[in-house]
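Subject: The model we talked about

Hi,

Here is the structure I promised to send over. Have a look at it first, and then read on for what I found.

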Amino acid sequence: MNNMKTKILALALVVLLAGCDDFFDINADPNNPTKAELNTILPYIEATLFGAMGFGSAGVTDILAVYVHHTVQRGNHDNYRIQPNEFQNTQPWEQLYTKTLPDINAVIARREEAPIYSGIAKVLKAAMFGYIVDLWGDMPYSEAGDPVNFKFPKYDDDMEIYASLFALIDDGVADINAGGIRPGADDLVYGGDVAKWVKFANSLKLNLYNKSRLTSLYDANAVNALLTANNFISTNAEDFELDYNATITPENRHPGFVREYAQNQPAYYISPYFYLLMKGEQACQNSLMVGIADPRIPYYFYNQLAPGEAAQNPISYRDGDFLSIWFGSYDLDPNEGFDQNISQTLVGLYPVGGAYDDASGVNVSATLGTKGAAPQRLLTAAAIDYVRAELALTMSTSDNARAMFQSAMNKSFAEVNVAAAAVGAPPIGAAAITAYTDQVLALYDAGDNTTKLEVLMTQKWIQEFGNGIETYSDIRRTGFPEVCDPLQDPNEWSTQTNPYPVVLPYNGNDLTNNGSAPGQHDQYSAKVFWDIN
């Protein structure tokens, strides 16, 4: 019972991130004013990291879900617009640099006392800075998180940061394997299972090599050694994710569920481009998946309208019971601005613990679906198989690209079926999965290597719904999946005036307050080092 209370309390921290700057400060432990307990710090690190990266938690995926055309929002993110001081840009930055990083460094500093904790902290630090570089490029690293010695931390070269992360991961694994005090319920990700942490570390390392495969950082020998050892995340139970549950007091439901269902203030529209592509129809200019209908649709998208039911207001886009708006239509489409909170299609059972769409047309509420009991995923077994397939296809590794691609798709469906089982929804049957994957594999087999890569990355994009970070990197690295061209959608009002953003803008507050900060970079041209296409 005490372990469960610890986990619930720690998870509840996620919903307090935006307003409680000194909550659980590492210097405020009531039993020891000068040094907090490690089992108090670790859950806070994990909760803040996932919150900063997450979906619905004021995390960066709120922005990226629009950029990768999973969702559409009214406002700045439409037409690829974001301001440096915008909350959804500054909030993740603040969570990572003012909260997560100092606590990570504090745990690492106590390596002699607790090497396993130190090792976990090092691996988390490597994951965090991998994401930071992927999103912003050059960033504070070597002097960051130590305000006593470095009040104004310098911005380090993004490639140099990435290069240092491989050794940091190795150091973390060595510490994890050194033994000593082991976390328990305070480890919200793996419950103190050191074998799973090592698998995640290896998976993270492979993912970083894949992202940098077109640069001098790519190390074929290191990649081959990882593949030979084959000690990666390989099952749903090993995914690098933070589990939410249905607890309300304290609030511990998936933040996306809270906003979309419990509060009934939906901010996300499902991108019609995403929907049409999964439906097997022409999607803007993209005809890649025409004729291949994805059986995951009722698990991904929840329709509040029954077929033929009238919408509450004039509509921008509707297909049967699916209702949404088009990207690039903000302040242009005369119907785009009407309130559709009880008519629009919402994010479904997967990934936020919403409802499975059984075509009943019931309006959303806090009692639907798993009631928010769903994980925030950052790196999954399916994603690692997609990475292995990409490396095999492009770098001729020892893996079989087609076999890894097939395995990745099967694991993607398995994740959806885990969500279905949690709410008693019908699973996607083996025959339906096989029929779909066979069609996708036939498309893959018929293509040249460029088409193969496009098919692979498009399927990975579908899998990553709810986690915009990996797909945003994939689009910039490979050009796939194609993003929607608003001029080729069926909405006469939608358009695009800004180019595709290749980084997020720097936090304007940091540029003002940090004496070592550079000027603002151009979000449309200041590429991350691995973005060389």
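A359 sits in the loop between α12 (349–352) and β10 (375–379); helices (H or I, at least four residues) and strands (E, at least two) are DSSP runs, numbered from the N terminus. Its phi is near 70°, a positive value in a residue other than glycine. With 41% relative accessibility, A359 counts as partly exposed. Here buried means under 20% relative accessible area, exposed over 50%, and partly exposed in between, with a 1.4 Å probe and protein chains only.

Before you go further, please note that this is a predicted model: local features need pLDDT of at least 70, side-chain atom pairs count only at pLDDT 80 or more, and totals for chains, interfaces and linings use all residues. Residues are numbered from 1 along each chain as its sequence is written, and side-chain values use heavy atoms, with hydrogens and water left out.

N230 also has a positive phi, near 50°, and is a residue other than glycine. You will find N230 in the loop between α8 and β4, and at 46% relative accessibility it counts as partly exposed.

That brings me to helix α8 itself, residues 220–229, whose buried residues are A222, V223, L226 and L227. Seen down the axis of α8, these buried residues fall within an arc of 135°, so they line one face of the helix; the arc is that of the directions from the helix axis to the C-beta atoms. As a reminder, an α-helix has 3.6 residues a turn, so residues three or four places apart point the same way. On the other side of α8, N221, T228 and A229 are exposed. What do the buried residues of α8 pack against? Their partners are α7 (194–211) and α13 (381–395), where contact means heavy atoms within 4.5 Å.

Helix α13 is also the place of E390. Is E390 buried or exposed? At 0% relative accessibility, E390 counts as buried. Not counting residues up to four places away in sequence, E390 touches N210, R213, M395, L453, L456, M457, R477 and T478.

Two cis peptide bonds are worth a look on screen. One runs from T249 to P250, with omega near 0°, and P250 belongs to the loop between β4 (240–243) and α9 (255–262). Another runs from F480 to P481, with omega near -5°; P481 is placed in the loop between α17 (468–478) and α18 (508–513).

Next, a few partly exposed positions. V423 lies in helix α14, residues 401–423, and has a relative accessible area of 32%. Leaving aside neighbours within four places in sequence, V423 is in contact with L349, G369 and T370. V423 and A58 are 365 residues apart in sequence, and their C-alpha atoms are 26 Å apart in space.

F150 is in the loop between β2 (139–140) and β3 (155–156) and is partly exposed, with a relative accessible area of 32%. From F150 to S118 there are 32 residues in sequence and 22 Å in space, C-alpha to C-alpha.

S287 is found in the loop between α10 (272–279) and α11 (297–300), partly exposed with a relative accessible area of 42%. The C-alpha atoms of S287 and L277, ten residues apart along the chain, are separated by 7.9 Å.

Finally, the overall picture. The chain has 18 helices and ten strands. Its radius of gyration is 22 Å, close to the 24 Å that the globule rule gives for 533 residues, so the chain is as compact as a globular protein of that length. That radius is taken over C-alpha atoms, and the globule rule is 2.2 Å times the number of residues to the power 0.38. Along its principal axes, the C-alpha trace spans about 65 × 50 × 50 Å.

Of the 533 residues, 61% count as buried. Among contacts between residues at least 6 apart in sequence, 72% join residues at least 24 apart.

How many positive and negative side chains does the chain have? There are 33 positive and 63 negative ones, counting Lys and Arg as positive and Asp and Glu as negative, with His and the chain ends not counted. The centres of the two sets lie 5 Å apart, where the place of a charge is taken as NZ of Lys, CZ of Arg, CG of Asp or CD of Glu.

Best wishes
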